Amino acid sequence: MSALPGPCTGDRKEKAVLDAWLALINFEKTNPQKMAAEDLRRRMGFTLKQALSYLPFYAEVWYQAANWHAEIGDNDGEIKTLKRALAMSGDSVVLHLALAEKHEMAGNTAAAKQCYETMCEQLPGPLVYIHYM
């Protein structure tokens with residue numbers, strides 16, 4: 001196994017690793033150790049950072065991390081995570097749409113429009129244009 005993460009290949013072994021990390025993230029969210037809220041927040045942050053260090057090019061993990069920030073009410077953390085996600089995995093329509101939606105919900109239409117325009121430039125296609133309309 002290499003020391004540095006590589007791009008997604010989609011083989012069965014990678015899929016199994018991704019599934020294992022996602023299962024661990026979901027397991028930790030259930031708070032099986034009955035930790036206090038602040039301890040759980042730190043533990044989840046650690047778990048997500050570990051998953052992202054191992055799988056930095058997987059949009060699914062970034063999306064889980066952003067959703068976790070949303071679940072705990074950390075809107076700034078959610079936006080920062082989505083921006084970092086796009087820097088690492090910019091070919092993900094889901095991540096672009098999630099960031100645009102977050103900006104729209106916050107009332108920041110200029111930032112949302114910029115997200116859609118960036119998506120149209122980087123990932124042209126019917127789905128992208130439909131969302132932009």
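Mentor: A contact, as we use the word here, means heavy atoms within 4.5 Å. This is a predicted model, where local features need pLDDT of at least 70, side-chain atom pairs count only at pLDDT 80 or more, and totals for chains, interfaces and linings use all residues. Residues are numbered from 1 along each chain as its sequence is written, and side-chain values use heavy atoms, leaving out hydrogens and water.

Trainee: Among contacts in the protein chain between residues at least 6 apart in sequence, what percentage joins residues at least 24 apart?

Mentor: Start with the chain itself: its C-alpha atoms fill a box of roughly 45 × 35 × 20 Å along the principal axes. Of the contacts you describe, the share joining residues at least 24 apart is 46%.

Trainee: How many helices and strands are there in the protein chain?

Mentor: Helices (H or I, at least four residues) and strands (E, at least two) are DSSP runs, numbered from the N terminus. Read from that end, the elements of the protein chain go α-α-α-α-α-α-α. The count is therefore seven helices and zero strands.

Trainee: What percentage of the residues in the protein chain is buried?

Mentor: Buried means under 20% relative accessible area, exposed means over 50%, and partly exposed lies in between (1.4 Å probe, protein chains only). The protein chain has 133 residues, and the buried part of them is 38%.

Trainee: How far does helix α5 reach from its first C-alpha to its last?

Mentor: Helix α5 covers residues 93-105, which is 13 residues. The expected span is 1.5 Å times one less than the number of residues, and for α5 this comes to 18 Å. The model is close to that, with a reach of 18 Å.

Trainee: Are α5 and α6 roughly parallel or antiparallel?

Mentor: Axes are lines fitted to C-alpha atoms, for helices over the stretch in contact, and angles run from 0 to 180 degrees between N-to-C directions. Under 35 degrees counts as roughly parallel, over 145 as roughly antiparallel, 65 to 115 as roughly perpendicular and the rest as oblique. The axes of α5 and α6 come within 7 Å and cross at roughly 165°. That makes the pair roughly antiparallel.

Trainee: How do the residues of the contact of α5 with α6 divide into nonpolar, polar and charged?

Mentor: On the α5 side are Val93, His96, Leu97, Leu99, Ala100, His103 and Glu104, meeting Ala111, Ala112, Cys115, Tyr116, Thr118, Met119 and Gln122 of α6. Ala, Val, Leu, Ile, Met, Phe, Trp, Tyr, Cys and Pro count as nonpolar, Asp, Glu, Lys and Arg as charged, and the others, Gly among them, as polar. The division is nine nonpolar, four polar and one charged.

Trainee: Are α3 and α5 roughly parallel or antiparallel?

Mentor: The axes of α3 and α5 come within 9 Å and cross at roughly 20°. Ala59, Trp62 and Tyr63 of α3 make the contact with Val94, Leu95 and Ala98 of α5, a set of six nonpolar residues, no polar and no charged. From the crossing angle, the two helices are therefore roughly parallel.

Trainee: And α3 with α4, roughly parallel or antiparallel?

Mentor: Here the axes come within 8 Å and cross at roughly 170°. The contact residues divide into seven nonpolar, three polar and two charged. The pair is therefore roughly antiparallel.

Trainee: Is His103 buried or exposed?

Mentor: His103 has its place in helix α5. Beyond neighbours within four places in sequence, His103 is in contact with Ile79, Lys83, Asn108, Ala111, Ala112 and Cys115. Its relative accessibility is 8%, so His103 counts as buried.

Trainee: How far apart in space are Arg41 and Trp68, C-alpha to C-alpha?

Mentor: Arg41 lies in helix α2 (residues 37-54) and is partly exposed, with a relative accessible area of 38%. Leaving aside neighbours within four places in sequence, Arg41 is in contact with Trp68 and Ile72. Arg41 and Trp68 are 27 residues apart in sequence, and their C-alpha distance is 9.4 Å.

Trainee: How far apart in space are Gln114 and Ala100, C-alpha to C-alpha?

Mentor: Gln114 is in helix α6 and is partly exposed, at a relative accessible area of 46%. Gln114 and Ala100 are 14 residues apart in sequence, and in space their C-alpha atoms are separated by 8.2 Å.
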